[in-house]
Amino acid sequence: MAALCEAFTLCGLGPSGAVGLGAGVLALEPGPDSDHVLLTDRGRTATLFKVSDQKPLGCWSVKHGQMITCPVVCNFETHEYIAVHDDKVLRIWKDEDVNLDKVFKATLSADVYRIHSLPHGEPLVLFKGGGVRTLDVLLEAPQQEIENFISDEVIKWSEAFLEGQEPILIFATEKDGDYFIYLQKFKLNILQKYKLEQQESSNPLSFTAYIKNQIITLLCLYSNDSIYKVLIPLQQHSEEEEQILSKSLLLKLSVSGSVLKGTSFAVLDKDHVAVLGSLTAFGEESKECLTIWNTKFQTLQTSKELPLGTSGQLWCYGEKFFFTHGKVLTVNLYKCETSSLAAAVGKLKDSQTSDASFLNWNTLNDEELVVSLQSQQSVTLKSESKMTLRSKRSSVAKAPSDTLTVGQLLLDIKDSSSAAVEEELKQLLSKAQMPDVQATIGCVITALINRCKTDPMFYPQNFLIQLVQKGELSYSLCPDLMAVALEKKDMHLLQICLQRFPDIPEEITYACLKLFLSISDDCLERTDVNLDSVLCYIDIESNNKEVKTEIVENGFNTELEEDSCDTTFTKETLLKNDVEFCPVGPQRAALLNAVLHSAYSETFLLPHLKDLPAQQAVLFLRYLHYLYVKSSEKINTTLPGVLSPTINQIMDWMCLLLDAHFTVMVMLPEAKGLLSNLHKFVRAQVRFYSELNKIEGSLQELQRLKRQKDSQAYSIEVLELI
């Protein structure tokens, strides 16, 4: 039995997406471990993602004018990354490398088609002419001559395996409508060539293969909506120069009059394959779907409609599907169990609890939400479940009036009055126990947001806040929630989302920051914001009062630290809000603290921060400076309060903001004093810690003496530090 489970967004793909893949995805390869993948775009960039966190860990780009021409892979033995740009230029780097211009470079003598990385072996480099080298052999002499076996043929697909300790490479080529399979054995240095048996009026669209018991099983997806199987024994030695490979039909992609026009596929286990394509029925519009088929019993196990369209590419690593859906790269978990006839025809009883949490609520409309939730809450898959939507709605309507079901609530949210919806939401929130809390709340929030989009007067703010606080949600479960909150300028809801959602895109984080900095003080005073993160340290007195002050920080007078590089800005009147008083009110400070807590990638946030207006950037930097000074007043550099920003968060955001706006701030007169104070404060701290380092040895000696000499009841000791 196979089933599609939870789906979530890994990154955006458009010009405004997380990785800006306007040209599309070239390939997705496994990373250093099962939770990492390497994404290569059809341009200049490769990005390493941690799938469980839905966040990029590193991003590397070649220079303008250059182009990555084959998928970037990870060398599992050395934990290095390997790329080829402009067909012949090889680059190798590690995680800590930033600039690809400064990493290892080798120019090869022939064009590279693809690099294959093996779990316990040296990477294999396949050239467009059919020649193959292991990476270590190639690096010994990068300009070595590479054989050209297939000058008139074009490589369409390749894959590598380890059989025992022997690496084996298989690749498919095409010439004038004929397809050939090449098998490279490295131990014996043998290259075997086969011709694939032709299929009348049909051509192969995609290939995949696996190896077991010295036999390579090659699967081919053909344009006649069928998958064929070809067996290639490794021990076969024939005198024939070119053998014909016969194929057998594995699966016909049709069910109940509908045909799946597949574009790519993947093998899940010995009995299941996944196919991505367009499902068409006579007289109906085609729909792009991700499907799982049982090859043993020739049945469609499950399918998922993809209304936003795909690129036709499908990758499968570690029980996760990866595919493009609209302008995002989507990850869809799946599960495969032992194949049985009962499971294949949908009659197997499910002993597990409801799988409602495995639904992607964002792709369903209101009526589909009802149907999906009800079907997932059913313990057995009965034939009666194949009823029409109209009968589903009538069955919901017949439920007892004294018991509120989630299905009823979803339907009522769509067209009932605001008062009726709020009353039912109160009943839902009052339940002490709720099955599949995350899935149910995600479903309800999606329905509420859909209603907000169609009805401008409908916006149940308090209930949205309570729902977010009740369930452990994420941005990917309800991405439209923060967009609507930004449109409504709902500060409180945005604050809670920033504090709770672990996967907010940098674009949304920036939009929240810009809103928090631009909204007027009058509006903020009327806004209900959680002030727990600021009440213990912020001073809310007037921040416009001028006083003459001499600032002593960590035992040093910063004015005495000035040198010749300082401007005439010395011993001037300092604004009290630069050091002693917060430059923003408590409401704005609490909102900015929520932004500081939000996870981000510097690579993808920096371009957005550069669009922040200069005056807002200066205000934000003043607040960060205030937090920095406040944190440094404490020995443990920790601000009091709940969810107060840490010193690391403050420093990271200060550096990021200065990187984005340093040139502008240097030119702004109002930022001159701020930058000068910040410079002097940091310099004073550096000297302070430098002095501490000087006496570190003496302090350690004191500790040693104290341990050696056990003083009696009373004693006076004089220790001289030299």
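Modeller: Let's begin with some ground rules, then go to the sheet, and then move on to cysteines, salt bridges and a surface patch.

This is a predicted model, so local features need pLDDT of at least 70 and side-chain atom pairs count only at pLDDT 80 or more, while totals for chains, interfaces and linings use all residues. Residues are numbered from 1 along each chain as its sequence is written, and side-chain values use heavy atoms, with hydrogens and water left out.

Now for the sheet. A strand here is a DSSP run marked E of at least two residues, a helix is a run of H or I of at least four, and both are numbered from the N terminus. Two strands count as paired if DSSP finds at least two bridges between them. E1 and E29 pair in the antiparallel sense over 8 bridges. To see one of these on screen, pick Ala3: its bridge partner in E29 is Lys335.

Let's stay on E29, which covers residues 328-336, and zoom in on Thr330. Is Thr330 buried or exposed? Thr330 counts as buried, because its relative accessibility is 6%. The cut-offs are under 20% relative accessible area for buried, over 50% for exposed, and partly exposed in between, with a 1.4 Å probe and protein chains only. What does Thr330 touch, once you leave aside its neighbours within four places in sequence? Thr330 is in contact with Ala7, Phe8, Phe321, Phe322, Phe323 and His325, where contact means heavy atoms within 4.5 Å.

Next, the cysteines. A disulfide is a covalent bond between the sulfur atoms of two cysteines. The rule used here asks for a pair of cysteine sulfur atoms within 2.5 Å, and by that rule the count is 0 disulfides. Cys316 is partly exposed, at 22% relative accessible area. Cys497 counts as buried, with 0% relative accessibility.

Now let's turn to charged side chains. The structure holds 14 salt bridges, each one a side-chain nitrogen of Lys or Arg within 4 Å of a carboxyl oxygen of Asp or Glu. One of them joins Lys94 to Glu80, with the closest N and O atoms 3.8 Å apart. This pair links distant parts of the chain, 14 residues apart: Lys94 is in the loop between E8 (89-93) and E9 (104-107), and Glu80 is in E7 (residues 80-85). Lys94 is partly exposed at 31%, and Glu80 is partly exposed at 22%.

Another salt bridge joins Lys128 to Asp87, at 3.3 Å between the closest N and O atoms. Here the partners are 41 residues apart, with Lys128 in the loop between E11 (124-127) and E12 (132-134), and Asp87 in the loop between E7 and E8. Lys128 is partly exposed, with 40% relative accessibility.

Over on the surface, Tyr689, Leu692, Ile695 and Leu699 form a nonpolar patch with about 340 Å² of accessible area together. Patches are built from residues with over 30% relative accessible area and no salt bridge, joining like charges within 9 Å and nonpolar side chains (Val, Leu, Ile, Met, Phe, Trp, Tyr) within 5 Å. Leu699 lies in helix H19, residues 696-708, and counts as partly exposed at 43%.

Finally, let's zoom out. The protein chain has 19 helices and 33 strands, and buried residues make up 48% of its 722 residues. The chain exposes about 35,700 Å², with carbon and sulfur atoms supplying 50% of it; these areas come from the Shrake-Rupley method with a 1.4 Å probe, and for residues only the protein chains shown count as cover.
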